[in-house]
Amino acid sequence: MSGKVLVGARSRPWTALGLGLLTCIGAPIASAADCPGHPDALGTSRTLVVDPKAHPRIGTMQYRETLPLRDHEVVLTFDDGPLPHNSDRILEILASQCVKATFFTVGRMARSFPEGVRKLRDAGHSIGSHTQNHPLGFDKFPIERAKPEIDDAIAAVTAALGEGGGLAPFFRMPGLRRSGPVEDYLASLGIQTWSADFPADDWRSISASRVYELAMKRLEAKGKGILLLHDIQARTVAALPRILHEMKARGYRIVHVVPATPQQPNTPTEPPQWQLHPPSETVAISRWPQIPNFVFADAGTLPAPALQDSGWHDGQPVPVAEPSDRLKRRAHGVPLPRQAPWPRQSPLPADGAAVTLPVPAPSVFEIQEKSRATTQAIAPFSAHAELTVPNIEAGASRVTVQRKPDQRRARKPGGFQAPTAGRRTTRLAARAGRSAPAR
């Protein structure tokens with residue numbers, strides 16, 4: 001019989017979620033005053049009814065939204081159970097404080113200990129799923145491999161609960177290893193993906209006192225939120241009584257979360273309440289609003305312009321009639337020109353036509369030879385000094401140029417004697433003689 005139930009639930013996992021929604025919220029919520037034998041119990045302050053389809057992903061450790069909790073409100077969550085000894089002790093501690101929590105059950109554990117799953121339901125806690133085998137590399141799984149982990153877990157927990165049902169459309173990924181395709185698949189089934197707002201690191205090899213310290217330190221830093229614990233850990237069993245006692249002493253309150261049903265609609269909330277710390281209206285935010293992904297109804301292309309609209313046809317300009325209102329347009333009282341002031345484009349040559357470039361004139365390459373008179377004219381010497389320079393036109397070995405003495409050099413005060421023209425002529429002649437060829 002159980003095999004038939006398992007096969008049927010596996011074929012359509014989302015149908016099993018609606019069977020027990022009323023059962024998971026059927027147990028009354030107990031406050032501290034209604035906790036027999038424990039007048040100082042923490043209790044459960046209120047029940048929060050949520051719509052998984054309206055808010056498919058919660059928990060600020062990974063997502064932008066979290067549960068719409070008030071200040072100093074806490075939601076307790078436990079993963080990986082049930083494990084008979086430790087999970088039973090967790091249930092006893094919660095019952096002693098009349099506290100309701102949410103348990104994310106592994107399908108393989110539910111199949112091995114179905115009685116432990118029914119104990120969760122009978123105690124009035126919410127029950128979600130946590131994959132079938134708790135694979136740590138779940139975020140790397142292709143969706144074809146991830147779907148059986150989700151579907152098999154739902155089927156296993158549903159089979160363990162039996163006819164009474166009680167599985168809520170809540171899911172938490174193992175190790176909080178999120179995956180976009182998995183999130184989309186869960187949302188298509190109407191299942192809410194849970195992360196957390198802060199953990200206590202009780203899966204690590206730390207002491208129970210350290211679990212208590214981390215839970216309270218992080219709760220104080222957040223002020224409210226979803227606390228992540230594990231009901232299979234002995235250190236969590238040892239730390240939980242102290243955590244609940246300290247929450248009571250510091251004024252924290254426990255909130256129980258259940259899914260909405262047609263008989264019990266979701267709790268009315270405002271969008272800012274789904275943020276852990278919504279921005280104040282009196283403080284300007286520095287982030288621009290996110291642009292939504294619009295879906296355009298018509299994605300067709302625009303028509304291409306016709307050839308006659310371009311003003312050219314068969315390589316020849318075509319007169320285009322101007323609108324009547326163009327003649328009336330004026331820019332600051334000045335009539336606009338009928339045609340554009342810039343030059344029009346020249347027509348392209350016909351296909352196959354030879355393109356010839358103009359031949360440069362021969363005069364471009366002629367070099368004018370300089371005469372001897374020109375050579376002498378460009379020598380700006382006027383002194384009587386003799387300069388010997390090569391004469392490339394007449395064939396002479398030297399050219400003698402007379403310079404006048406430099407009249408600007410005069411006797412200066414202090415006894416300095418300016419060089420005479422004769423001395424300068426001697427030096428120039430000697431210098432020219434060293435470089436000129438012998439006669």
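Predicted model: local features only at pLDDT ≥ 70, side-chain atom pairs only at ≥ 80, totals over all residues.
View 1. Glu-220 counts as partly exposed, at 40% relative accessibility. Its side chain meets that of Arg-250 in a salt bridge (3.3 Å, N to O).

**View 2. Salt bridge between Asp-201 and Arg-218.** The closest N and O atoms of this pair are 3.0 Å apart. Asp-201 lies in the loop between β8 (198-199) and α9 (208-222), whereas Arg-218 belongs to helix α9. With a relative accessible area of 8%, Asp-201 is buried; Arg-218, at 26%, is partly exposed.

**View 3. The two sides of helix α4 (residues 84-96).** Asn-86, Ser-87, Ile-90, Leu-91, Ile-93 and Leu-94 are the buried residues of α4. Because they cover an arc of only 165° around the axis, they lie on the same side of the helix. Their cover includes β3 (73-79), β4 (102-105), α6 (114-122) and α10 (234-249). His-85 and Ala-95, on the other side, are exposed.

**View 4. Surroundings of Phe-78 in the largest nonpolar core.** This core has 51 residues, of which Leu-76, Phe-78, Leu-94, Leu-227 and Met-247 touch the most other members. Contacts of Phe-78 include Ile-90, Leu-94, Phe-103, Leu-229 and Leu-240. A second, separate core of 17 residues includes Phe-104, Leu-176, Trp-194 and Val-257.

Note on methods:
Residues numbered from 1 in each chain as written. Heavy atoms only, no water. Helix = DSSP H or I, 4+ residues; strand = E, 2+ residues; numbered from the N terminus. Expected span 1.5 Å × (residues − 1). Buried < 20%, exposed > 50% of the residue type's maximum accessible area, 1.4 Å probe, protein only. Arc of directions from axis to C-beta. Contact = heavy atoms within 4.5 Å. Core = buried A, V, L, I, M, F, W, Y, C linked by side-chain atoms within 4.5 Å. Salt bridge = Lys/Arg side-chain N within 4 Å of Asp/Glu carboxyl O. Lists of a residue's contacts leave out its neighbours within four places in sequence.
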